[in-house]
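The structure comes first, and the notes follow by topic.

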Amino acid sequence: MKTAIDPQETSRGDAFSLWMSSPMPMVTLVKTIDVTHAIKFDRKHAIGFNMLLCWCIAKAASSFREFYMLPENGTLFRYDGLAVNVIVNNAKGGISSCDIAYDGDFQAFAQDYLRLTRQAALDCRSTFIEDRMVIGTSAMIQTELDCIVNQYTDKFCNPMVMWGRYRKGWFRTTLPVSFQFHHVQMDGGHAATFLEALQRTLNAL
């Protein structure tokens with residue numbers, strides 16, 4: 001469910017007053033995470049690294065109340081649930097996207113991920129979930145990337161995690177990720193703590 005709320009009755013009241021009218025309210029943090037354990041887990045279970053990372057992103061985010069709020073068109077909304085948006089290459093040579101609901105069940109998420117991404121690729125149509133706070137993702141695995149900066153626009157206020165190809169070393173595999181978020185939704189400290197939580201979630205697979 002999506003509900004309009006009074007920002008001043010939340011922990012984001014001051015941020016709403018400061019940043020809601022900002023022409024460039026988005027902030028980007030970049031962190032290199034260790035995905036060695038996740039790669040081993042994927043190879044053992046043949047799950048798919050990008051799907052695994054998307055699930056870990058949602059799981060890490062689910063423990064932060066800030067992820068359940070989002071500004072839109074001058075209004076702050078509260079959501080009851082989370083979803084992850086995935087970009088896929090479609091049959092026409094373009095891209096489509098699909099939202100995948102997160103409810104904590106790994107198997108259900110994995111099944112929905114495979115079904116919805118396959119459908120988006122074949123049908124060349126995007127599907128969206130309107131009543132959940134959606135975390136955007138974008139995997140550009142054609143090359144290794146140090147940093148990604150998305151459009152800084154009020155047309156898309158959702159948080160977004162982006163990455164390129166992971167980097168293999170002698171003893172560990174790493175992946176730089178860019179995390180973009182609206183300053184009304186959270187502060188830099190919240191974002192930094194989320195990235196630490198993402199690392200712990202990957203380590204705990």
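**Helix packing and pocket**

Helix α3 packs against helix α5 (residues 188–203) at an angle of about 125 degrees, and their axes lie 9 Å apart. Axes are lines fitted to C-alpha atoms, for helices over the stretch in contact, and angles run from 0 to 180 degrees between N-to-C directions. The model is predicted: local features need pLDDT of at least 70, side-chain atom pairs count only at pLDDT 80 or more, and totals for chains, interfaces and linings use all residues. Residues are numbered from 1 along each chain as its sequence is written, and side-chain values use heavy atoms, with hydrogens and water left out.

**α3 with α5**

- α3 passes α5 in a right-handed crossing (the near helix is turned clockwise from the far one by less than a right angle).
- On the α3 side the contact (heavy atoms within 4.5 Å) is made by Leu53, Cys56, Ile57, Lys59, Ala60 and Ala61, and on the α5 side by Phe194, Ala197, Leu198, Thr201 and Leu202.
- These contact residues divide into nine nonpolar, one polar and one charged (Ala, Val, Leu, Ile, Met, Phe, Trp, Tyr, Cys and Pro are nonpolar; Asp, Glu, Lys and Arg charged; the others, Gly among them, polar).

**α3 with α4**

- Helix α3 (residues 49–61) also packs with α4, at an angle of about 130 degrees and with the axes 10 Å apart.
- This pair is therefore oblique, and the crossing of α3 and α4 is right-handed.
- From α3, Asn50, Met51, Leu52, Cys54 and Trp55 meet Phe106, Phe109, Ala110 and Tyr113 of α4.
- Eight of the residues in the contact of α3 with α4 are nonpolar, one is polar and none is charged.

**Cys124**

- Cys124 sits in the loop between α4 and β7; helices (H or I, at least four residues) and strands (E, at least two) are DSSP runs, numbered from the N terminus.
- Leaving out residues up to four places away in sequence, Cys124 touches Asn90, Ala91, Lys92, Ser96 and Gln119.

**Largest pocket lining**

- β3 (69–72), β5 (82–89), β6 (95–102), α4 (106–123), β7 (133–139) and β8 (160–163) each supply at least two residues of the lining of the largest pocket (on a 1 Å grid over the protein atoms alone, an open set of points where a 1.4 Å probe fits, with protein on both sides within 12 Å along at least five of seven lines; lining residues have an atom within 4 Å of a point).
- β7 gives the largest share of that lining, six residues.

Notes:
Angles under 35 degrees count as roughly parallel, over 145 as roughly antiparallel, 65 to 115 as roughly perpendicular and the rest as oblique.
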